[in-house]
Every structure is written in structure tokens, then in C-alpha cells.
Amino acid sequence: MLVLQPARKRRPRSEGRIGLAIAGGGPIGGMYELGALRALDRAVEGLDLTRLEVYVGVSSGAFLAAGLANRLDTAGMCRIFITGDSDEVRFRPEIFLRPAFLEYFRRASALPRIAFDWWKDLVTDPSGARLSEVVGRFGGVIPTGLFDNRGIEEFLRKVFTIRGRSNDFRELGAKLTVVAVDLDSGAAVRFGGPGWDDVPISLAVQASSALPGLYPPVDIRGHHFVDGALRRTMHASVVLDHGVDLMLGINPFVPFNASRGGRPPEGLDKLAEGGLPVVLSQTFRTLLQSRMRVGLDKYARQYPDVDQLVFEPNEDDGEMFFTNVFSYSSRQRVCEHAFRATLADLRRRRTELAPVLARHGLSLRDEVLDDPHASILDGIGRPPRRTETTAKLQRALDDVEAVLHARRRRARAAARHRRDLTSA
């Protein structure tokens, strides 16, 4: 479903400054986002997702935002995460699901002392006046996360330190912000912003994706950070505050609505019959989407001169709702599903979208939208093998091409503005 909020107050002319906000959604949510991004990459003429003005990523969305800001395009991401044809790194899903044995051991080591205190108080204080305090301490031996997320940081550090890329926010050509929440204060922290731009990108993404209960908090400078979605869903205000003309957003989590035609799995007539996991999933998704919609309504008033496009699954999309969020075996299917759903959104709304995109020097590729066999694997292929030197040279040539493209885009926008003035 495409949420389109055209600017209420147009600027004299657009400078073509585009920002991207990507919400969290777990591994499968990230795959949905990759499919949607690939669809935009293929269907929108003039849009280069690796050359935007500003990027903000939260949780799984931070993986994609950091990759795009580092000139890793959607084809390259598909080769890493979907087809496995990348000649750079080999993605192994098990790195996301390694048990946090170190965390288990650290917590369990306190158990003998707590058990001894419990036994001592039971003997010396038969009334049980202090017993509840000791029992409460047993909560401290429960691990803060089931899985070890250190492998995630190691994987990203490798991706961001080869082929001319950088693991340093300050060395990127575009503004990148990765949002996490300080567990001790509840405040959102913007890695890449003032005071936090020296933190490695890979470490910031690890912190932003540390979903409580699944992954332990990440210690950075003595602060413990967890998933950035705890504060806001997309943190789109980071993009809007940067003075963009067009904001693109992707949110993979929406509640399921059977009344809209959605079909639950066979044998599940009501969501409550799916047990606690389904009930919690519906609750969590409802809270996230409701919070995002409230934010978008506020942003429409606060930034009336910015066009806003947000892509998310339809409410009757059982494919997204009932797929296990950690089902890595489903990643290609979910990615393809998101790719086709996003193309369908663009196709249905092309008449409305055309003038909005044109203001920013963009247009829709009808040959892609109208292709019934369009697939996320189209145009992926295997790139020619490059050395570090040739990769850096290619990056430099891309920089030159980007400067020329930006000048041509500004010239076209200026020409359109003159024509509009003449016709008026």
C-alpha cells in the first residue's frame, strides 16, 4: 500500500534533494524492504538510490540504509542476501541465530550467590520478610538476549571496509543516520550525528537492531543500546529536517485485516486461535503503524513543502503477516513478493504519481510496470570481478558521473520552472 502525501505548499522549484527513511521489521521485514527498494530502483527513471541526499535507518532498515549510503546498490544486496552470487562476501543466516553463550554464562555465574542468599534468609528469617527481595534477584540471571549479535557487526564491518567503502560515517558522501535507543535513559540516539559520528557504522547498526529479548543490548561508551524502533517507527523527521524536496519511506510492519479480504492460513479462522505469538505480532504491528501514521499526519503540517511517499504491505497481506520473522529460507519469496506488490502500487497510482515525481526530475518506466513477468532477479546477474584498486577507480568515475547527472537534473528543473512561469 502506497501512502502518498503531496506537498501542500510547493516550493518555486525542486532541487531534486531526496531522502530515504527505512523502518525496522526483523530479518523478514528487511527482505520486504529490499524487494520494495529493488522495485523503485527498476521502475523509477532518474532515481539512484545510492546517490540520495540523506538516509536514516532503524533496526533491520539500518542494514539497507547503511548499504545504500555506502554505494552498495540493490542489485549488489540481492546478490549478497538472495542469490548468494556475490564475489565480495558470503552471507550465512546462522550468524543471526547463534546462541548468546557468553551472556548465558555471565548471568548463570551469579546464580550460586543468589541461591545461597535465598537459603540463608529462609533459615534466618522464617517470617519471609526479606524473601521477596531475594526472589526478585533471580530475574537478574535471565539472559537479556537469546542470540549473539556480535557476528552481525563482524559481517557488516567486512562489507563496509572493502571495494572503496567506509565504516566511518564521516567519510560517506551522503548523510547517514542510524537510530538506537539508550536503555538507561530511554532516549533516541542518532549515530552519525554530532557527538556520535565516530562510532563505526557496523557497531551502530548492531545497536539499532538489538531487539530486546532476542539480542543483548550493545555497549558503546558505557551506554547500553537497543532497537531504535522503541521510540519511533521510521524516524522520518531526521530526513525531513535535512531540507529534502521528496521523502521516500518504507515500513514492512502493518496489522492484518481479514475484513479487507486477507486470508489466514488454513485452519485459522480468528487470529486469537494462533496463540500468543500471533496476538503479540498483531498488537506490535498495530502500535507501530498507528504511531507512524500519526507522525506522517504531523509531518504533513510541519513540512508542507515536502512530497512524502511511504510504501508498506497491504492490510490483507497474509504473506507478510504469517511468515515467521526469522524464516531465512523464505527470504527470496518475501523479497519477490515485495517487489511485485510495490510495482502494483506504482502501477495503480501512476496517474497520481506522475506529476509528483516529475517535480523532482523523476518518471515511471511503463515498460517495467506493465511487464507481467517482471522479477526481482531481472538485471541482477554476476558483476565482473574487481580488485580493490579497480573498485576504487570505478567509485571515482561514479562520483564524476553523479556530478554531471546532478547538473543536468538541475538544468532540466530550471527549464521546467521557466516554462511554468511563461505558461502562467
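**Active-site residues and selected local features**

H235 counts as buried because its relative accessibility is 5%; buried means under 20% relative accessible area, exposed over 50% and partly exposed in between, with a 1.4 Å probe and protein chains only. The place of H235 is the loop between β8 and α9, a helix of residues 237-240. Helices (H or I, at least four residues) and strands (E, at least two) are DSSP runs, numbered from the N terminus. Phi of H235 is positive, near 55°, in a residue other than glycine.

The structure is a predicted model, in which local features need pLDDT of at least 70 and side-chain atom pairs count only at pLDDT 80 or more, whereas totals for chains, interfaces and linings use all residues. Residues are numbered from 1 along each chain as its sequence is written, and side-chain values use heavy atoms, with hydrogens and water left out.

In the UniProt record, an unreviewed entry, the feature "active site" is placed at S59 and D227. These two positions are spread over 169 residues of sequence, yet they cluster in space, with a largest C-alpha distance of 5.8 Å. UniProt positions are given in the numbering used here, feature names are shortened, and annotations may be inferred rather than shown by experiment.

S59 is found in the loop that lies between strand β4 (54-58) and helix α2 (60-69). This serine counts as buried because its relative accessibility is 5%. When neighbours within four places in sequence are left aside, S59 is in contact (heavy atoms within 4.5 Å) with G24, S208, S209 and D227.

D227 belongs to strand β8, which covers residues 223-227. Its relative accessibility is 5%, so D227 counts as buried. Again leaving aside neighbours within four places in sequence, D227 contacts V58, S59, V181, A207, S208, S209, A210, L211 and P212. A polar atom of the D227 side chain lies 2.8 Å from the backbone nitrogen of A229.

Strand β8 is joined to β5 (residues 175-182) by three bridges, and the two strands run antiparallel; two strands pair if DSSP finds at least two bridges between them. In this pairing, V181 stands opposite V226 of β8. V181 is also one of the residues in contact with D227. Three bridges likewise join β8 to β7 (residues 218-220), again in an antiparallel arrangement. Here D219 has H224 of β8 as its bridge partner. β7 and β8 form a hairpin with two residues between them, and R221 in the turn has a positive phi of about 55°.

The charged end of R221 sits over the ring of W196, 4.5 Å from its centre. A charge sits over a ring if NZ of Lys or CZ of Arg is within 6 Å of the ring centre and within 35 degrees of the ring normal. R285 lies over the face of F253, at 4.3 Å from the ring centre.

A positive phi, of about 65°, is also found at R71, which is not a glycine. R71 is placed in the loop between α2 and α3 (74-83). At 23% relative accessibility, R71 counts as partly exposed.

A search of the whole structure finds nine aromatic pairs. Rings of Phe, Tyr and Trp (its six-membered ring) pair if their centres lie within 6.5 Å; planes under 30 degrees apart count as stacked, over 60 as edge-to-face and the rest as tilted. One aromatic cluster is formed by F81, F91 and F155.

Notes: Polar contact = N/O pair within 3.5 Å; in protein donor to acceptor, adjacent residues only side chain to side chain.
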